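Trainee: I would like to learn how to read a model like this one. Please take me through it feature by feature.

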Amino acid sequence: MAKVPAAAVAASGLVGGYAVARWTKKRQLGGVALAAAGAVAAYQWNRQAGPRAAVGLTTAYVAAFAGSHPLAKKVGAWPAVFTVAGSMAAASWAVTRRAA
């Protein structure tokens with residue numbers, strides 16, 4: 001089975017978490033999707049780049065989620081989600097590429 005890059009898992013978690021929350025109208029379900037993807041990504045970050053990188057990227061993941069809320073007030077919900085997801089994917093890729 002092909003391995004999904006941690007950058008894609010993290011970005012998908014941010015986008016998917018928002019999509020689930022919006023379409024089901026149940027924020028808790030979106031939170032479950034966000035947390036599940038974050039846990040998978042953190043596991044991959046730890047394996048690929050070590051615990052320090054995993055902690056840093058997990059912190060960035062949570063900050064991206066939190067930062068999407070005020071950003072959404074300025075640019076709209078979906079643009080904010082895609083912006084933070086892209087930023088998170090880029091950060092993940094940069095850190096894990098350097099470790100490889």
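Trainee: What pattern does the protein chain follow, read along the sequence?

Mentor: The pattern is α-α-α-α. The protein chain has four helices and zero strands. Helices (H or I, at least four residues) and strands (E, at least two) are DSSP runs, numbered from the N terminus. Before we go on, note that this is a predicted model: local features need pLDDT of at least 70, side-chain atom pairs count only at pLDDT 80 or more, and totals for chains, interfaces and linings use all residues. Residues are numbered from 1 along each chain as its sequence is written, and side-chain values use heavy atoms, with hydrogens and water left out.

Trainee: What radius of gyration does the protein chain have?

Mentor: Start with the rule. The radius of gyration is taken over C-alpha atoms, and the globule rule is 2.2 Å times the number of residues to the power 0.38. For 100 residues, a compact globule would come near 13 Å; the protein chain has 13 Å, so the two agree. Along the principal axes, its C-alpha atoms fill a box of roughly 40 × 30 × 20 Å.

Trainee: What share of the residues counts as buried?

Mentor: Buried means under 20% relative accessible area, exposed over 50%, and partly exposed in between (1.4 Å probe, protein chains only). Here 33% of the 100 residues count as buried. Of the contacts with a separation of 6 or more, 70% are between residues 24 or more positions apart.

Trainee: How do I read a pocket, and what volume does the largest pocket have?

Mentor: The general idea is simple. Rolling a probe the size of a water molecule over the atoms shows where empty space is left. The search uses a 1 Å grid over the protein atoms alone and a 1.4 Å probe; a pocket is an open set of points with protein on both sides within 12 Å along at least five of seven lines. Grid points are joined across faces, edges and corners, and a volume is the space filled by probe spheres set on the points. The largest pocket comes to about 350 Å³.

Trainee: Which residues lie nearest the centre of the largest pocket?

Mentor: Tyr 18, Ala 21, Phe 65, Ser 68 and His 69, out of 17 lining residues. Lining residues have an atom within 4 Å of a point. Helices H1 (6-24), H2 (27-49), H3 (51-75) and H4 (77-99) are the elements that give two or more residues to this lining. H3 gives the largest share, five residues.

Trainee: Is Ser 68 buried or exposed?

Mentor: Ser 68 is buried, at 10% relative accessibility. Ser 68 sits in helix H3. Beyond its neighbours within four places in sequence, Ser 68 is in contact with Ala 80 and Val 84.

Trainee: How many aromatic pairs are there?

Mentor: First the test. Rings of Phe, Tyr and Trp (its six-membered ring) pair if their centres lie within 6.5 Å; planes under 30 degrees apart count as stacked, over 60 as edge-to-face and the rest as tilted. By this rule there are three aromatic pairs. Tyr 18 and Trp 78 are edge-to-face, because their ring centres are 4.7 Å apart and their planes stand at 80°. Tyr 18 is in helix H1 and Trp 78 in helix H4, so this pair ties together parts 60 residues apart in sequence. Tyr 18 is partly exposed at 22% relative accessibility, and Trp 78 is partly exposed with a relative accessible area of 22%.

Trainee: Where does Trp 23 lie?

Mentor: Trp 23 lies in helix H1. Its ring and that of Trp 78 have centres 5.9 Å apart and planes at 40°, so the pair is tilted. This pair links H1 with H4, so parts 55 residues apart in sequence are tied together. Trp 23 is exposed, with a relative accessible area of 64%. Ring pairs link Tyr 18, Trp 23, Trp 78 and Phe 82 into a cluster.

Trainee: What is the phi of Lys 25?

Mentor: Recall the background. Most residues other than glycine have a negative phi. Lys 25 has a positive phi of about 60°, although it is not a glycine. Lys 25 lies in the loop between H1 and H2. Lys 25 is exposed, with a relative accessible area of 72%.

Conventions: Contact = heavy atoms within 4.5 Å.
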